[in-house]
Amino acid sequence: MMKLTVLGCSGGIGGDAHRTTALLVDDDVLIDAGTGVADLDIDALARIDHVFITHAHIDHIACLPLMVDAVGARRAMPLVVHCTRATEAILRTHLFNDVLWPDFTRVPAQAKPFLRFEPLEEGESCALGERIFTPLPAKHGVPAVGFRVATPRGSLVFGSDTTVCPPFWDAVARIPDLRYLIVETAFPDSQRKLAIQSEHLCPSLLASQLPSPPGAFRLLISHVKPGYVDETLQDLQRVAESHAPAILAKGDIYWI
Ligand SMILES: [Zn+2]
Ligand SMILES: [Zn+2]
């Protein structure tokens, strides 16, 4: 069985319930490295061998520089960061640039670094044991991808941050064994303009994209703004009731 633990799935911080995006797959893989990662103890951090990054926005990578610094010297192998070349370029230029943070792809030595990038583009897959990670299209303010995680028992999709993106929904429709679909709804409908401006979704925009009739998968909503959870859920229940959407929460665990 594959275990997915939600370390963080909120659109922001503020109190114990809210951590930004980080999903732990079993105990060795992360999808995004937002502030939820900071709740793991050192041993759990050191067990993580792979991080798949959807996009470079700070709420999805905030703990990446800190975790590599925390565990680098305790690990025998570099932490492998899987992302598109476009996202790698952003992280190298703006984060691991020896100004904001050390370039851990050359620390402590170029031949044996704490961190290694591994390019993973749309159309490619990365197999880690029986778990197969495949980027999916997304449309956001910066280069972004979602991920499908396929196992012999079914698939899970994490849609990343995205606004309306027909290629994403085409890809989802081609996954016959989809069990869980995690999609963002970053704003309530009262902030629809802001959702469009920032290339996110609100309930009515999401509903316009959902398949009809509903698929056999469970629809889970992430990236809801702290303080707007109730309003967003009410909107979702109004416009997407037949899909039985549930709001994802920190600490949730799903098995496939
Ligand atoms: Zn984003
Ligand atoms: Zn985000």
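Two strands are taken to pair if DSSP finds at least two bridges between them. In this predicted model, a hairpin of that kind joins β11 to β12 through 2 residues. The two strands run antiparallel and are joined by 5 bridges, with β12 covering residues 154-158. Within this pairing, T151 stands opposite G154 of β12.

Strand β11 also pairs with β10 (residues 131-137), in the antiparallel sense and over 6 bridges. Here I132 faces A150 of β11 as its opposite residue. Strand β11 itself spans residues 145-151 and is mostly covered, 6 of its 7 residues being buried.

## Zinc ion (ligand 1)

Four protein donors surround the zinc ion (ligand 1): H55 (NE2), H57 (ND1), H140 (NE2) and D161 (OD), at 2.1 to 2.4 Å. The angles among the 4 donor atoms range from 91 to 168°, and the site is irregular. Along the sequence, the donor residues follow the spacing H-x1-H-x82-H-x20-D. Distant parts of the chain are linked by H55, in the loop between β4 (50-52) and α2, and D161, in the loop between β12 and α5 (166-173); these residues are 106 residues apart. Both H55 and D161 are buried.

## Zinc ion (ligand 2)

The zinc ion (ligand 2) is coordinated by D59 (OD), H60 (NE2), D161 (OD) and H223 (NE2), with distances of 2.0 to 2.1 Å. Residue D161 coordinates both this ion and the zinc ion (ligand 1), and the two ions are 3.5 Å apart.

The 4 donor atoms of the zinc ion (ligand 2) subtend angles of 90 to 165°, and the arrangement is therefore irregular. A tetrahedral assignment would need all angles to lie between 85 and 135 degrees. The spacing of the donors along the chain is D-H-x100-D-x61-H. Because H60 lies in helix α2 and H223 in the loop between β14 (218-222) and α8 (229-239), this pair ties together parts that are 163 residues apart in sequence. H60 and H223 are both buried.

## Helix α4

Which residues of helix α4 (residues 85-94) are buried? They include T87, E88 and L91. Viewed down the axis of α4, the buried residues fall within an arc of 105°, so they line one face of the helix. Residues three or four places apart in an α-helix point the same way, because there are 3.6 residues a turn.

The cover over the buried residues of α4 includes the helices α2 (58-61) and α3 (64-71), together with the strands β5 (79-83) and β8 (115-119).

Key: Residues are numbered from 1 along each chain as its sequence is written. Chains are lettered from A and ligands numbered from 1 in the order in which they are written. This is a predicted model: local features need pLDDT of at least 70, side-chain atom pairs count only at pLDDT 80 or more; totals for chains, interfaces and linings use all residues. Side-chain values use heavy atoms; hydrogens and water are left out. Buried means under 20% relative accessible area, exposed over 50%, partly exposed in between (1.4 Å probe, protein chains only). Helices (H or I, at least four residues) and strands (E, at least two) are DSSP runs, numbered from the N terminus. The arc is that of the directions from the helix axis to the C-beta atoms. Contact means heavy atoms within 4.5 Å. Donors are N, O and S atoms within 2.8 Å of the metal (3.2 Å for Na, K and Ca); water is not among the atoms, so sites may look incomplete. Four donors count as tetrahedral if all angles lie between 85 and 135 degrees; four count as square planar and six as octahedral if opposite donors are over 155 degrees apart and all others between 65 and 115; anything else is irregular.
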